[in-house]
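Here are a few friendly notes to read alongside the structure. Take them one at a time, with the model open beside you.

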Amino acid sequence: MLKTDAECYKLLFCRPNKYIENYYPGYTQEINKFIQVAQNYVQVDTLPMWDIWMRDFMPIPTSNQLILFTYSPDYQNKNDTQKSQEYIHKQYPHLKINLIKLDGGHLVFNEKGIGFLTDYVIKLNQISKEVLENKIKKATGLKKIIWLPWDKNDITGHTDGLLQFLTPDLLLINNDSDFKMHCQLIKKECPNIEVLPIPCQYDDHKCKNFPSCRGIYTNFVQTQKAIFIPAYNIDLDDKVLKLFQSITDKSVIPVKIEQTSKNGGALHCLTRNM
């Protein structure tokens, strides 16, 4: 069975370097401050990666092993994809690659075996929904998969910018124009899940066709002791912080990620729980 973020004991980051900073200006300063705060609550490690989006290409932990899906998104050039695969092969030489094409950001799930994916994953794998769903369930141990319509304004088709579980029965969802549609779909499939709208403020900025993540708070990261939520230097920051503090007993720590988030991801995208 997959391990949720809250069940893991370590948080992994991409180690800043000159190449990374040139490609993602502001990352070094923002991530170093994040690491400085995070290490008070969780074991932290940095890896000499070529790219910062750890969630997507790193293995996913389970109760007794790691699962490494095939990282082959069609929104990224093949050279960049190859770099990620080569690095992971070096880090985990004995880890067998699952042939299902899936980014870590595509899959949101809880400890009860309920997972969310968008239709983009069906398009990416080019097999029937039924066959793909069965393969993913077999690989992960998930009991139920809820498929969300893919909003093509987000070329990644990820779910972790749309919603996330705070607890096994509490699902936080962006309070945007799709909120009602998402709620109706989820209530039909899983009526026992409580849904809570989270304020969001979309940014029109795009970087290399990737929509900005600035203003999206569902892209938080959770550990055993704390919840780290994005802070974007906008008016919503304080409102969302108070909301999170009202719904959890864990420490809630805002992390400034204003610059890096403009490249298409925030705290969840930038980390990998292990």
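1. Let's begin with the surface. The chain exposes about 12900 Å², and 48% of that is supplied by carbon and sulfur atoms (Shrake-Rupley method, 1.4 Å probe).

2. A word on what you are viewing: this is a predicted model, where local features need pLDDT of at least 70, side-chain atom pairs count only at pLDDT 80 or more, and totals for chains, interfaces and linings use all residues. Residues are numbered from 1 along each chain as its sequence is written, and side-chain values use heavy atoms, leaving out hydrogens and water.

3. Now the overall build. The chain has eight helices and 17 strands (DSSP runs: H or I of at least four residues for helices, E of at least two for strands, numbered from the N terminus). Of its 274 residues, 55% are buried, meaning under 20% relative accessible area with a 1.4 Å probe, counting protein chains only.

4. Next, zoom in on N219, which sits in the loop between β13 (210–211) and β14 (221–222). Is N219 buried or exposed? N219 is buried, because its relative accessible area is 0%.

5. What does the side chain of N219 reach? It reaches the backbone nitrogen of A266 at 3.2 Å, and a polar atom of this N219 side chain lies 3.0 Å from the backbone nitrogen of H268.

6. Finally, look around N219. Leaving aside neighbours within four places in sequence, N219 is in contact (heavy atoms within 4.5 Å) with residues including D160, G161, Q164, C213 and P230.

Methods
Buried means under 20% relative accessible area, exposed over 50%, partly exposed in between (1.4 Å probe, protein chains only). A polar contact is a pair of N or O atoms within 3.5 Å; within protein, one must be able to donate a hydrogen and the other to accept it, and residues adjacent in sequence count only if both atoms are side-chain atoms.
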